[in-house]
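Visitor: I am new to this structure and would like to learn how to read it. Could you walk me through it step by step?

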Amino acid sequence: MAWRYCLMIEPAASDDPRSDFSDTFAVVDATAPALSVGELSTQRGDGIFESIGVVDGHPQEVTAHVERLAHSAALCDLPAPHAEQWRQAVAHAAAQCGAGEHVIRLILSRGVEHGPAPTAWLTAAVAPDYATARERGIRVVTLDRGYDSAAPDRAPWLLLGAKTLSYAVNMAAIREAKRRDADDAVFVSSDGVVLEGPTSSVLLRFGDRFVTPAPGAGILHGTTQLSVFEHVRERGFETAYENVEASALRTADAVWLVSSVRLAAPVVAIDGAPVAVDLALTADLNRYLLSPRD
Ligand code: PLP
């Protein structure tokens, strides 16, 4: 069985003044049962998570991930996570990851039904191998997410900008992409605006401008996209958050799906039609994304 590590965390209140949280962590056997059957994470997908890439033992962009965990917690009315406690838990797990690429997952659940407190845990495991996606690219299909672009404001209980554990819909979209002979999907709003992939952000390049859909439109603000924007600005590109019409996917000079563990996967075909690919820039992006980032 592949290596997996699991740390149960006793969640501290966000104003807990302690500086050392090691006695709130308990290493448990990752192959043994660890959750109560009353867990709302498993019964209802009622919780939030983060996936952090680890490269040669270095966890990438921990602050951005812990901040997004706090953002998701606020959207879901979960108690605010203690940032320093989670940072220490990540450092603890990263120290167990050897060379190569790993993924650390942070999970904060509403807890056991009628129970007093949320449940929190973290896992570390060897990352899936994304070499082919990074080097050869991926074919994507556009899929209607079924909401118009005003839905997130009109219906915040859809939790569209939170990274919740309810990813069954996102996984169904990837299965639909595979049925259509593609590797992944790009969600489009019912009024034709590009949103995000089921597990990724969408980046487009038009000449010397990098564009991504505005995160306010009910999509996650990707930590990888933020990091790429910083890098490409240093290389002289402009960056912008914009309303991206679905037709722009076909006219861009390059399109990528980016996320913390896959990194940058160049899109080679959209809805069955080949599109422009920038392999040199892709290689540069992945070199940068594999370098230590804080
Ligand atoms: N959008 C969705 C829906 C995601 O699930 C993810 C990552 O899993 C992303 C965007 C990209 O986020 P990040 O770059 O922080 O991994």
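Guide: Gladly. Let us begin with the nonpolar cores. This is a predicted model, and its largest nonpolar core has 28 residues. Those with the most contacts inside this core are Ile9, Ile48, Trp86, Val90, Ile104, Leu106 and Leu122.

Visitor: Let me pick one residue. What is isoleucine 48 in contact with, leaving aside its neighbours within four places in sequence?

Guide: Its partners include Leu69, Ser72, Ala73, Cys76 and Leu78, then Leu106, Ile107 and Leu108, and also Lys163, Thr164 and Leu165. Apart from the core we began with lies another one, of 18 residues, with Val194, Val211, Val244 and Ala265 among them.

Visitor: How is the protein divided into domains?

Guide: There are two: domain 1 covers 3-126 and domain 2 covers 131-289. Taken over C-alpha atoms, their centres are separated by 26 Å. The two domains also touch, with 21 residues of domain 1 in contact with 18 residues of domain 2.

Visitor: Next, strands. Is E8 mostly covered or mostly open?

Guide: Strand E8 (residues 184-188) is mostly covered, as 5 of its 5 residues are buried. You can check each face in turn: Asp184, Val186 and Val188 are buried on one side, and Ala185 and Phe187 are buried on the other.

Visitor: How many bridges join strand E7 to E8, and how do the two run?

Guide: Strand E7 (residues 138-144) runs parallel to E8, and 5 bridges join them. Aspartate 144 stands opposite valine 188 of E8.

Visitor: And how should I read a pair of aromatic rings?

Guide: The general idea is to give the distance of the centres and the angle of the planes. This structure holds 5 aromatic pairs. In one of them, the ring centres of tryptophan 3 and tyrosine 5 are 6.2 Å apart with the planes at 20 degrees, so this pair is stacked. The cut-off behind that word is an angle under 30 degrees.

Visitor: Are those two residues buried or exposed?

Guide: Tryptophan 3 has 34% relative accessibility and counts as partly exposed, whereas tyrosine 5, at 11%, counts as buried.

Visitor: What does a tilted pair look like?

Guide: Look at phenylalanine 229 and tyrosine 241: their ring centres lie 5.4 Å apart and their planes are at 50 degrees, so the pair is tilted. Phenylalanine 229 belongs to helix H7 (residues 223-234) and tyrosine 241 to strand E11 (residues 238-242), so the pair ties together parts that are 12 residues apart in sequence. Phenylalanine 229 is buried, at a relative accessible area of 2%, while tyrosine 241 is partly exposed, at 35%. Elsewhere, ring pairs link Phe210, Phe237 and Trp256 into a cluster.

Visitor: What else can I find in helix H7?

Guide: Histidine 231 has its place there, and it counts as buried because its relative accessibility is 11%. Leaving aside neighbours within four places in sequence, histidine 231 is in contact with Asp284, Leu285 and Tyr288.

Visitor: What sits over the ring of tyrosine 288?

Guide: That would be the charged end of arginine 293, 5.9 Å from the centre of the ring.

Notes. Residues are numbered from 1 along each chain as its sequence is written. This is a predicted model: local features need pLDDT of at least 70, side-chain atom pairs count only at pLDDT 80 or more; totals for chains, interfaces and linings use all residues. Side-chain values use heavy atoms; hydrogens and water are left out. Rings of Phe, Tyr and Trp (its six-membered ring) pair if their centres lie within 6.5 Å; planes under 30 degrees apart count as stacked, over 60 as edge-to-face and the rest as tilted. Buried means under 20% relative accessible area, exposed over 50%, partly exposed in between (1.4 Å probe, protein chains only). Helices (H or I, at least four residues) and strands (E, at least two) are DSSP runs, numbered from the N terminus. A charge sits over a ring if NZ of Lys or CZ of Arg is within 6 Å of the ring centre and within 35 degrees of the ring normal. Two strands pair if DSSP finds at least two bridges between them. A nonpolar core is a set of buried Ala, Val, Leu, Ile, Met, Phe, Trp, Tyr and Cys residues joined through side-chain atoms within 4.5 Å. Contact means heavy atoms within 4.5 Å. Domain bounds come from an automatic or database domain assignment.
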